Amino acid sequence: MELTIQQLTKQFKDKTALRGVTTTIRSGGLVGLIGPNGAGKSTLMKILATLERPTSGDVLLDGHSILHHPRQMKKVLGYMPQQVPIIPQLTAKEYLRYLAAIKGLPATPAEEQISALLTRVHLAAAQNQRLSGFSGGMRQRVGLAAALLGVPQIIIVDEPSAGLDPIERIMMRNLLSELARTRIVLLSTHIVSDVEAVASRLLLLKDGQLVFQGPAQQLIQAADGHVWEYVLPQGQPPQDDQAVSEMRQAADGVHIRTVAAAAPTDRAVTVTPTLEDATLSALEGR
Ligand SMILES: Nc1ncnc2c1ncn2[C@@H]1O[C@H](COP(=O)(O)OP(=O)(O)OP(=O)(O)O)[C@@H](O)[C@H]1O
């Protein structure tokens, strides 16, 4: 399966949310959509999920426009929005049954799937509790189970780890990366460590534009030689124009890690970039 995104642009009144986004996403390997708040991640995902129409451009699913044939996309899609819409008076199990019925899944396999999914997202023990009593992280997990109902071939999840504790983050990561072996899985996040270990490819959005697409390693290599560390003596403020990725207080002063094309001071030494440094470097254009 292949999603071809062609020159997508989205204009909201006075705000341009996407500017000529062009890429291809294939099954086999999780794709991480990263970028700061407001970069356009949710807008891109909503267009792919056929919930929003682009101002211009197109998206082809195996060669056919999803703008002209949205039902073809809906048939194979599992989408988890940033705000999971819940029905508070239903239990987790009733909610998934209701969604399975809307999706047109036959009752018997649906029941089996619902049980298996509730177990996978660690909600088996809470399956008969009303959603009104669910915590934020539990709502996220029920939203993830809902997106996976019907074993969709294309899975689009918008910030699925928001509000999840470390154990549940790992569960979510492992589950999606396992599914991505044979499906299209697109996961958005503004926390790069969420996708670092599992994404085979990253798409980096900045102000609606794709500024990088490729494996994390390639982004890291591009930042090589641009990440510096130095110690700022106590009481001395850092320069304003620096892209600081880390500040750590120590006995000898403040340890500053910064992204810059040239040494910010003659005391600075280059260090090996992390994915976070590399993302900052690409976003800051350094
Ligand atoms: N319905 C809308 N009307 C007007 N502006 C919108 C609308 N939806 C999104 N925007 C604007 O488009 C830009 C991109 O928003 P979007 O939600 O796609 O970003 P994002 O990368 O998902 O951000 P976040 O990480 O904060 O969720 C933002 O400036 C946002 O304010």
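The pLDDT is the predictor's confidence in each residue, given on a scale from 0 to 100. The chain in this predicted model averages a pLDDT of 93, and 99% of the residues score at least 70, while the model as a whole scores ipTM 0.97 and pTM 0.92. Where pLDDT is low, the predicted coordinates should not be read in detail. Because this is a predicted model, local features need a pLDDT of at least 70 and side-chain atom pairs count only at pLDDT 80 or more, although totals for chains, interfaces and linings use all residues. Residues are numbered from 1 along each chain as its sequence is written, and side-chain values use heavy atoms, with hydrogens and water left out.

Around the ligand stand 13 residues, of which Gly38, Gly40, Lys41, Ser42 and Thr43 come nearest; a residue is near a molecule if one of its heavy atoms lies within 4 Å of it. The residues of this shell divide into four nonpolar, six polar and three charged, in a scheme that places Gly among the polar residues and Asp, Glu, Lys and Arg among the charged ones.

Some of these approaches can be followed atom by atom, as polar contacts, that is, pairs of N or O atoms within 3.5 Å. A polar side-chain atom of Lys41 lies 2.8 Å from an oxygen atom of the ligand, a polar backbone atom of Gly40 is 2.9 Å from a ligand oxygen, and a polar side-chain atom of Gln82 lies 3.0 Å from an oxygen of the ligand. Taken alone the ligand exposes 640 Å², and the protein buries 64% of that area, as found by the Shrake-Rupley method with a 1.4 Å probe. Strand E2 (15–26) and helix H1 (41–48) are the elements that give two or more residues to the shell, and the largest share, three residues, comes from H1. Helices (H or I, at least four residues) and strands (E, at least two) are DSSP runs, numbered from the N terminus.

Elsewhere in the chain, four strands form an open sheet in the order E12-E13-E11-E14, with antiparallel pairing; two strands pair if DSSP finds at least two bridges between them. Strand E12 (243–250) and strand E14 (269–270) stand at the edges, each with a single partner strand, so one side of each is left without a neighbour in the sheet. E14 pairs with strand E11 (residues 227–232) in the antiparallel sense over two bridges, and Glu229 stands opposite Val269 in E14.

Terms used
Polar contact = N/O pair within 3.5 Å; in protein donor to acceptor, adjacent residues only side chain to side chain.
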